[in-house]
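Here's a quick briefing for anyone opening this structure for the first time.

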Amino acid sequence: MPVKGVTHRYPDRALWYLSHVCAVYCRFCTRKRKVSQSSQTPDGEDWKQALEYFKSRPEIREVILSGGDPLNLSDSKLDFLLSELKRIPHINQVRIHTRYPVTLPMRITPEFCAVLRRHFPVFIVTHFNHPKELTDFSREKIRMLVQDGSATVLNQSVLLKGINDSVETLVELFYGLTSAGIKPYYLHHCDEVYGSAHFRVPISKGVELMKSIRGRISGLCVPLYVVDLTGGGGKVPLPAEYLEEEKSSSYVFRNYRGDLYEIGY
Ligand SMILES: *Cc1c(COP(=O)(O)O)cnc(C)c1O
Ligand code: SF4
């Protein structure tokens, strides 16, 4: 954290924690040691320092508003922050990570969407874990984000044992997201969080689940399965292995049905 509230781990993007408060508190949350500590919430002086930091680092091409939930801030504060960020010439895109479309959909209002539209384009990454969370009310609000806010909406999910660790549930979730207007972006392996061991499935099972899904359903519906390396290593993808053998002048692949194909280039 170069300044309070900012994590700059990857070269070109910085995560900016604007609030430590959420509408619900998730047992698997990777930041649960920090969320709900409202006294830690950055104030106006911290914002100024963060904005100075972003301005002084031309390698930062993206700022991600995160938390807790950044939609805790009022529309006028978000409007101010988005205008400040969009004024920095080297910032290529702004993203907002929020669970409110799931946990407090009534926060998505025409006024909030007007703010988003003013700062087009804004990318919203939300967090649905189960098809049951895709209620009619949530779907209506996603539609409002896309139509009135001109936002691009993506989703990250956490793979949770006994909740969504089956092909049927994940396929229903990914189709459901796409039909709501959301592109599935990441499926996270459950982080090493105190008190959440019972939610973790083996990585090999996660890889197998994704292998059964890829190829069967549209690529538009398929997120990338990733693990965030504890200790600041960042996220790495967990791809399934399709290349069976590399010969001197050909490659042997096994496709999603389990059939072998040898190609010569
Ligand atoms: C996840 C994460 C990001 C965003 O990574 P993307 O792969 O671009 O979605 C940025 N900074 C930190 C610290 C993160 O954990
Ligand atoms: S809404 Fe997000 S930040 Fe808040 S507790 Fe849940 S996972 Fe953590």
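Helices (H or I, at least four residues) and strands (E, at least two) are DSSP runs, numbered from the N terminus. Counted that way, the chain has seven helices and 12 strands. With a radius of gyration of 20 Å, close to the 18 Å from the globule rule for 265 residues, the chain is as compact as a globular protein of that length. That radius is taken over C-alpha atoms, and the rule is 2.2 Å times the number of residues to the power 0.38.

**Ground rules**
- This is a predicted model, where local features need pLDDT of at least 70 and side-chain atom pairs count only at pLDDT 80 or more, while totals for chains, interfaces and linings use all residues.
- Residues are numbered from 1 along each chain as its sequence is written, chains are lettered from A and ligands numbered from 1 in the order in which they are written, and side-chain values use heavy atoms, leaving out hydrogens and water.

**Overall build**
- The C-alpha trace spans about 60 × 40 × 40 Å along its principal axes.
- Of the 265 residues, 49% count as buried, meaning under 20% relative accessible area with a 1.4 Å probe, protein chains only (exposed is over 50%, partly exposed in between).
- Take the contacts (heavy atoms within 4.5 Å) with a separation of 6 or more: 73% of them come from residues 24 or more positions apart.

**Nonpolar cores**
- In soluble globular proteins, nonpolar side chains tend to be buried together.
- A nonpolar core here is a set of buried Ala, Val, Leu, Ile, Met, Phe, Trp, Tyr and Cys residues joined through side-chain atoms within 4.5 Å.
- The largest one has 60 residues, and Trp16, Phe54, Leu65, Leu85, Leu145 and Phe174 have the most contacts inside it.
- Helix α6 (residues 167-180) gives this core its largest share, six residues.
- A second, separate core has seven residues, including Cys26, Phe28, Leu160 and Cys190.
- Leaving out residues up to four places away in sequence, Phe54 touches Trp16, Ile60 and Leu85, among others.

**Two residues to look up**
- His119 sits in the loop between α4 (110-118) and β5 (122-126), and it's buried, at 10% relative accessible area.
- Beyond neighbours within four places in sequence, His119 is in contact with Asp79, Leu82, Ser83 and Lys86.
- Tyr225 belongs to strand β8 (residues 224-229) and is buried too, at 2%.
- Among the residues Tyr225 touches, not counting those up to four places away in sequence, are Leu159, His188, Pro202 and Val236.
- From Tyr225 to Ser74 is 151 residues in sequence and 33 Å in space, C-alpha to C-alpha.
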